[in-house]
Amino acid sequence: MEFSGTVKITDLNDFLRPSEKCSVHNSMIKTSSKNTAKVSLSDCLACSGCITSAESVLLETHSLATLQEKLLQNEIITISISQQSLLSISDRFSMSFDDTFNKLSQILKKKGVNQVIDMCHARDIVLECCYQEFMIKYQSGNVPILSSECPGWLCYALKKGDSKLVNLMSTQKTPMLVQKNIRNIIGYHVVVMPCYDKKLESFMEQGVELVLTTTELMEICQGFELEECNEVQNNFYSTTKIKTSSMGYAEYIFTRAVKDIYGEDIEIEPKSTRRRDVYEIEFRDLKFCIASGFQNIQNIIRDLKTKKSNYSYIEIMACPMGCLNGGGQLRTTREKIIELESSTRNYYKTSTLNTELPSIERELKLVQGNNLKW
Amino acid sequence: MEKLQTLSGHDGRVWHIDWSPSGDLLASCGSDKKIYIWKLEHNGWQVVDRLDGSHTKSIRKVKWSRSGVLLASASFDGTVVIWKRTPGSMEACLTLEGHENEVKGLSWSIDDKYLATCSRDKTIWIWETDIDFEYDTHAVLSKHTQDIKEISFHSTQYLLLSASYDNTIAIWSLQSDDWICINTLLGHESTVWDIKWLNNNIISVSDDLTLKYWQLEDDNKHHLKKTISGIHSRSIYSVDCSENIIVTSAGDDKIVIYQNDTFNILHIEENAHNNDINAVRLCNENFMASASDDGKICIWKLSLSLYH
């Protein structure tokens, strides 16, 4: 099992020993030479020292075996599949996004899963929440905001223990954490995500019982030919759809903000910069940044410290090129990701998009809250 | 080989020394968290600058940039400081933060565009500089499973060597903006302490008491060609080479000089210091400096008879 580079960078030491910079106050962890310290995972996600102990717990609980056990017990099981995971699979099998979802759904149901749903609506809601958060902070000059979706980046930022940095981070919950409420999911809830680090995140909040990666999902589907399922269902439900292979926070917020502030509809074309995997979106005074890869996390942090950064919003992802290259995704190449990014962009340029906003008053109330309590 | 002068100043062990490219200055660093800059005056080598207060723990390495304008220092405090040579003094320009713990080694690329640093955190960081003298993190490389002791850029290409406590040497190459590990050299049986490019070939020294020579062959890979053992009786910490000679220093307080093609021993200097010799660096074919746990730096003159 592989965590993202940011998590992996730390010492792997199975002896439970809080690191020097443990975010939990050291006095809370009682250690003596004889007794093993008890630290709950949610206390320690942000801390390098304890992550290996956590790893073994996770291996036991967040594995395919757990799902297979639940299937045998005939529990009511719902599987939610993230867009990033769907995109990874649809890319591998050269199928459309909707086809991929429908086929996976059929296979999983044959395996005994009661319900398979997408996470587009959860994403729409979260994007809208993030946009509202942005407007409030932007208008009071309280920017930049740093995205907090990527668990690899969030872990790293919290671990650094730099409160100035953490205070800049978006406080919205992630789609994974709101999915259960939004879609009124009952029973055992499994979420399929692009990275292993999401398993860590699931310990933050009720609502997700099991996190599997895209590769783990494909393991369940073994024995079924994805190409052979043909029946078409249609329970797809989204307004924003994907324009990028990752979450698209920067793009969504930017488009909405330009419309709100300047009254203009614009087509976004992220511009590359002298740093590889760092893109900028700019319109008049509004300047956003999308940065991926551990080295760029370092560069962004350094720019913020030295006050060289003039962005209003920065979407940060730990994996180079974002979620399609996540640790739990099907292996692909740099060239393929670039190709896919531009083709999804072109596809949405030419298709008619439903730009109407979802009616989400009720849901907004459900999901607003602090993501950063861990 | 003749000892010209013993330089005292550091309080505690001297970890490393480095000659400026023109050979006019010698930089040294140690457990006293200080960097000394030495210059040859009419009455011998004298301290011309003492750099203090930038690091909070031992300074493990100092390296001049290839242009000689910059000096980088790597410290156990996890940071790297870049110093600029100005007329008469050295000024601290900036601090590179990122490593999780002790920085053990560093190396400048031929054009000074990249600075590589390595650490006990098992990672290599490549820093890229631009004309505005800003440093970006260009890459963070993980491969070694243990502490990385030293890294070394090739003198003409973007090729990098790393030596580790995991007993291996990795070779990294810049390919379309990515640093790729193109080969791992297995052979040492203990910590690899120092590595150098000898043209396109590689020499390495280790805690396993051997000096190894790895040759680039037709398959475009390096292969172990020679192992020199039985010379040093304690861990070999440092190796340097020039057109004609190779020199090693070790925990047995000895400095050994070899012919660089035959590996024949030209000279052994017993008790060159009173304690472990952490570093030995050739200035040119005539001068050499060594740094030791005894707190001293020695300047040596190499006699021409060595070469004949």
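Ala257(A) touches Tyr131(A), Phe134(A), Met135(A), Tyr262(A) and Leu286(A), leaving aside residues up to four places away in sequence; contact here means heavy atoms within 4.5 Å. The model is a predicted one, in which local features need pLDDT of at least 70 and side-chain atom pairs count only at pLDDT 80 or more, while totals for chains, interfaces and linings use all residues. Side-chain values use heavy atoms, without hydrogens and water, residues are numbered from 1 along each chain as its sequence is written, and chains are lettered from A and ligands numbered from 1 in the order in which they are written.

To stay with Ala257(A): this residue is buried, at a relative accessible area of 0%. By buried I mean under 20% relative accessible area, by exposed over 50%, and by partly exposed anything in between, with a 1.4 Å probe and protein chains only. Between Ala257(A) and Phe134(A) there are 8.6 Å from C-alpha to C-alpha, although the two are 123 residues apart in sequence.

Ala257(A) belongs to helix H13 of chain A. Helices (H or I, at least four residues) and strands (E, at least two) are DSSP runs, numbered from the N terminus. How do helix H7 and helix H13 of chain A pack? H7, residues 120–139, meets H13, residues 249–262, at an angle of about 55°, and the axes are 9 Å apart. The axes are lines fitted to C-alpha atoms, for helices over the stretch in contact, with angles running from 0 to 180 degrees between N-to-C directions. H7(A) and H13(A) are therefore oblique to each other, given that angles under 35 degrees count as roughly parallel, over 145 as roughly antiparallel, 65 to 115 as roughly perpendicular and the rest as oblique. The residues in this contact divide into twelve nonpolar, no polar and three charged. In that scheme Ala, Val, Leu, Ile, Met, Phe, Trp, Tyr, Cys and Pro are nonpolar, Asp, Glu, Lys and Arg are charged, and the others, Gly among them, are polar.

I turn next to the backbone. In the loop between H7 and strand S3 (145–146) of chain A lies Pro144(A), which is joined to Val143(A) by a cis peptide bond with omega of about 10°.

Helix H5 of chain A, residues 83–92, is mostly covered, with nine of its ten residues buried; among them are Gln83(A), Leu86(A), Ile89(A) and Asp91(A). Just after H5(A), Ser94(A) takes a positive phi of about 50°, although Ser94(A) is not a glycine. Ser94(A) sits in the loop between H5 and helix H6 (97–110) of chain A and is exposed, with a relative accessible area of 68%.

In chain B, Asp253(B) likewise is not a glycine and has a positive phi of about 65°. Its loop runs between strand S23 (245–250) and strand S24 (255–259) of chain B, and Asp253(B) is buried, with a relative accessible area of 16%.

Finally, the cysteines. How many disulfides does a search of the whole structure find? Over all chains there are zero, a disulfide being a pair of cysteine sulfur atoms within 2.5 Å. Cys118(B) has as its nearest cysteine sulfur that of Cys29(B), 13 Å away, and Cys118(B) is buried at 0% relative accessible area.
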